[in-house]
Amino acid sequence: MNSPEKNGDTSISADNIHQWLMAELDGEVSDAQRIEIQRWLESDPALQKEYEAMKRTRELTVTSRFKEPSPEVWDNYWQGVFRRVERGIGWILFSIGAIVLMFYGAWEIGRSWFTDSSIPLWIRLAGGSMVAGGTILMVSIIRERLFLHKNERYKDIQR
């Protein structure tokens, strides 16, 4: 936004009076412009009321400061963040380990079936896909059940 002072214009129109008021609050007007603004404010009580509200708002925003959280709050925050990150990584590693072990077990059980050349390749690949998908789904379901059991909302309610 161009300040009125930069334009060199000292006349104020009804269209841009609010820009001038903001520029005056920011200390960006000349003495001549300040006098013109005062004439506008004296001639329009509604505008004067609006200007006073703008001044109060600006004062509040300039003087307001956020309260710094105590060190205990920060400690609890970081413990929560670390706990979530650790648990997320733990679940990822657990899932990968379970999937790898289940794949290995399926391979050991079905090695003769997978290496049997009398069975067409596409059937062996389909069977491998089915075992892989089932393994991943099983780990996912177990993980979800453990999570839901831990976070069951109604487990302490008695009928």
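1. Helices here are DSSP runs of H or I, at least four residues long, numbered from the N terminus. Helix α5, for instance, covers residues 71-115. The model is predicted.

2. Start with the overall make-up. The protein has 6 helices and 0 strands. Read from the N terminus, its elements run α-α-α-α-α-α. The protein has 159 residues, and 19% of them count as buried. Consider contacts between residues at least 6 apart in sequence: 51% of these join residues at least 24 apart.

3. Next, the pair α2 and α3. Helix α2 spans residues 17-25, and helix α3 spans residues 31-43. Their axes come within 11 Å and cross at roughly 120°. That angle makes α2 oblique to α3. The crossing of the two is left-handed.

4. Who makes this contact? On the α2 side, the residues are Ile17, Trp20, Leu21 and Glu24. They meet Gln33, Arg34, Ile37, Trp40 and Leu41 of α3. By type, the residues of this contact divide into 6 nonpolar, 1 polar and 2 charged.

5. Helix α2 also packs on α4. The angle between α2 and α4 is about 40°, and their axes lie 11 Å apart. The two helices are therefore oblique to each other. Their crossing is right-handed. Helix α2 contributes Ile17, His18, Leu21, Met22, Glu24 and Leu25 to the contact. Helix α4 contributes Leu47, Glu50, Tyr51, Met54, Lys55 and Arg58. The residues of the contact of α2 with α4 divide into 7 nonpolar, 1 polar and 4 charged.

6. Now the core. Nonpolar side chains tend to be buried together in soluble globular proteins. In this model, the largest nonpolar core has 11 residues in all. They are Ile17, Trp20, Leu21, Ala23, Leu25, Val29, Ile37, Leu41, Leu47, Tyr51 and Met54. Helices α2, α3 and α4 (45-63) each supply at least two residues of this core. Which helix gives the largest share of the core? Helix α2 does, with 5 residues.

7. Glu24 deserves a look. Glu24 sits in helix α2. Is Glu24 buried or exposed? The relative accessible area of Glu24 is 13%, so Glu24 is buried, the cut-off for that class being under 20%. Leaving aside residues up to four places away in sequence, Glu24 touches Val29, Arg34, Ile37 and Tyr51.

8. Ser95 belongs to helix α5. Ser95 has a relative accessible area of 14% and is therefore buried. What does Ser95 touch, not counting residues up to four places away in sequence? Its partners are Val139 and Arg143.

9. Phe94 lies in helix α5 too. The relative accessibility of Phe94 is 43%, so Phe94 counts as partly exposed, a class that runs between 20% and 50%. Phe94 and Arg143 are 49 residues apart in sequence. In space, they are 9.3 Å apart, C-alpha to C-alpha. Arg143 is also one of the residues that Ser95 touches.

Terms used: Residues numbered from 1 in each chain as written. Predicted model: local features only at pLDDT ≥ 70, side-chain atom pairs only at ≥ 80, totals over all residues. Heavy atoms only, no water. Axes fitted to C-alpha atoms, helices over the stretch in contact; angles between N-to-C directions. Parallel < 35°, antiparallel > 145°, perpendicular 65-115°, else oblique. Left-handed = near helix turned anticlockwise from the far one by under 90°. Contact = heavy atoms within 4.5 Å. Nonpolar A, V, L, I, M, F, W, Y, C, P; charged D, E, K, R; others polar. Buried < 20%, exposed > 50% of the residue type's maximum accessible area, 1.4 Å probe, protein only. Core = buried A, V, L, I, M, F, W, Y, C linked by side-chain atoms within 4.5 Å.
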